[in-house]
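Have a look at the structure first, then read on.

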Amino acid sequence: MDTFDALSLREELLSSLATLGYARMTPVQAQSLPAVLAGRDVIAQAQTGSGKTAAFGLGVLQALDVSLVRMQALVLCPTRELADQVSKVLRKLAAAIPNVKVLTLCGGMPLGPQLASLSHDPHIVVGTPGRVQEHLKRGSLHAGAVRTLVLDEADRMLDMGFADAIDDIVKRIAKHHQTLLFSATWPAAIREASTRLQHDPVQVTVQTDEVAAAPAIEQRFIEVEPTRKADALAQLLTRPRGGDDSLQALVFCNMRRDVDAVAHELDQRGFSALALHGDMEQRDREEVLVRFANRSCNVLVATDVAARGLDIAALPLVVSYDVAHDPDTHTHRIGRTGRAGETGLAITLCTPRERPKAANIEQISGEPLAWHPLKLAAAAGKTLQLAPMRTLVIDAGRRDKLRPGDIVGALTGEAGMDGADLGKIDVYATRAYVAIARDQAKQALSRLRSGRIKGRSFRVRALD
Ligand code: AMP
């Protein structure tokens, strides 16, 4: 039984848990708490709703010395909403321990009141990386006694461009500290951050071994007449897998000119689709990749060469618009789908004339190809043509000392946007891209145009 009793938590915490009605540990708690309480570094794959806040919260509070009026734990979160939520949970868990001071420090809020509440050191600070970094630099926050650093939703923090701020914060806190990293996903950037920031971490994944096993790829071949290819593609993209709205797909064409034509065709049909091929200027290529990564483009149409160096996570759906010329290329294409624990779908459209190339693939793979009919039934239900986000470009970047936090601040501060509507932020030397929830993008654009970022006004436009 995964009860909390086995953990020898302090009395006050057991009493708070009883008040909250937490009888048993969630899987993330059961797997991470022993290591957290033993002072080990932990990297845990955990989503909102998994009970991760209590997993690190109990660890932080167990070790807390209330009589020491210094910051002993620092929790970094991507957004103000999450920071507020985490603070609330920490206060509830700490309810039975007298005089625990938890302070929230987020960007986009005026500095004055924060400076005032920092006149006495809090025990625990929960905040966004940019603002916490600023307080540490100013000396308004003292980090010499931090025993535990928590990176909550670390993948989102990296997506929002907070990597530098986090690294700088780590340099400023006590050398010997415990680092607890929680992240819904584990892309390469997270694993690198863990290697850089953690010491011999205990890894926690709540998936069973079975689910976390090697990615499975389902392959389907569909025979279509050349004139029906565009229709077939549009249909495949419209209802890919029963309406998963996290759909993003990569479509391969053999020829560069088809890449443009197919992207254009999809665009005409209302898809958020973009083309990627070797003829593009570096800057246009960068923009396309930013938009695909930040979810303001759903479908990337590419040549094999252009896709080769792509640093994108595996996708749920890969489509070969043409059968690849050789089996090796085909294998590379389908390897772009299939995420750990989820089945990827690789669909190949094949005209009668392309049959010999398909037969070649079949021969090399040693397995019969799975042919499926394309049901050209009118797609009912919701379509997934439009990407969930839109991208705004700000004509300012690192050279203007613009940081992701400044953009978050300009949008969520006085402008009043909800941090949940903000997506990935990419700051380059002279430009910055920010993804905004599609239905909020217009408002965000006019706010950024009329308002100021770091006290200055910059040119801002939407990419469509
Ligand atoms: P979190 O993933 O930290 O956002 O937590 C998700 C929800 O689960 C919150 O509403 C918590 O109050 C609740 N919760 C966390 N741990 C437990 C537990 N051991 N038993 C019951 N509820 C819990």
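## Handedness first

A crossing counts as right-handed when the near helix is turned clockwise from the far one by less than a right angle, and as left-handed when the turn is anticlockwise. Keep in mind that this is a predicted model.

## H3 against H4

By that convention, H3 passes H4 in a right-handed crossing. On the H3 side the contact is made by Thr53, Ala54, Phe56, Gly57, Leu58 and Leu61, and on the H4 side by Val86, Val89, Leu90 and Leu93. Sorted by class, that gives eight nonpolar, two polar and no charged residues.

As for geometry, H3 covers residues 52–63 and H4 covers residues 80–93; they pack at an angle of about 50°, with axes 10 Å apart. The two helices are therefore oblique to each other.

## H6 against H8

H6 (residues 129–138) and H8 (residues 163–172) cross at roughly 35°, and their axes come within 9 Å. Here H6 passes H8 in a left-handed crossing.

H6 brings Pro129, Gly130, Val132, Gln133, Leu136 and Lys137 to meet Ala165, Ile166, Asp168, Ile169 and Arg172 of H8.

## Around the ligand

The ligand has 13 residues around it, and the closest are Tyr22, Arg24, Gly49, Gly51 and Thr53. Thr53 also turns up in the contact of H3 with H4.

Now the polar pairs. A ligand nitrogen sits 2.7 Å from a polar backbone atom of Arg24, and a ligand nitrogen is 2.8 Å from a side-chain N or O atom of Gln29. On the oxygen side, a ligand oxygen lies 3.4 Å from a backbone N or O atom of Lys52.

Notes: Residues numbered from 1 in each chain as written. Predicted model: local features only at pLDDT ≥ 70, side-chain atom pairs only at ≥ 80, totals over all residues. Heavy atoms only, no water. Axes fitted to C-alpha atoms, helices over the stretch in contact; angles between N-to-C directions. Helix = DSSP H or I, 4+ residues; strand = E, 2+ residues; numbered from the N terminus. Parallel < 35°, antiparallel > 145°, perpendicular 65-115°, else oblique. Contact = heavy atoms within 4.5 Å. Nonpolar A, V, L, I, M, F, W, Y, C, P; charged D, E, K, R; others polar. Near = heavy atom within 4 Å. Polar contact = N/O pair within 3.5 Å; in protein donor to acceptor, adjacent residues only side chain to side chain.
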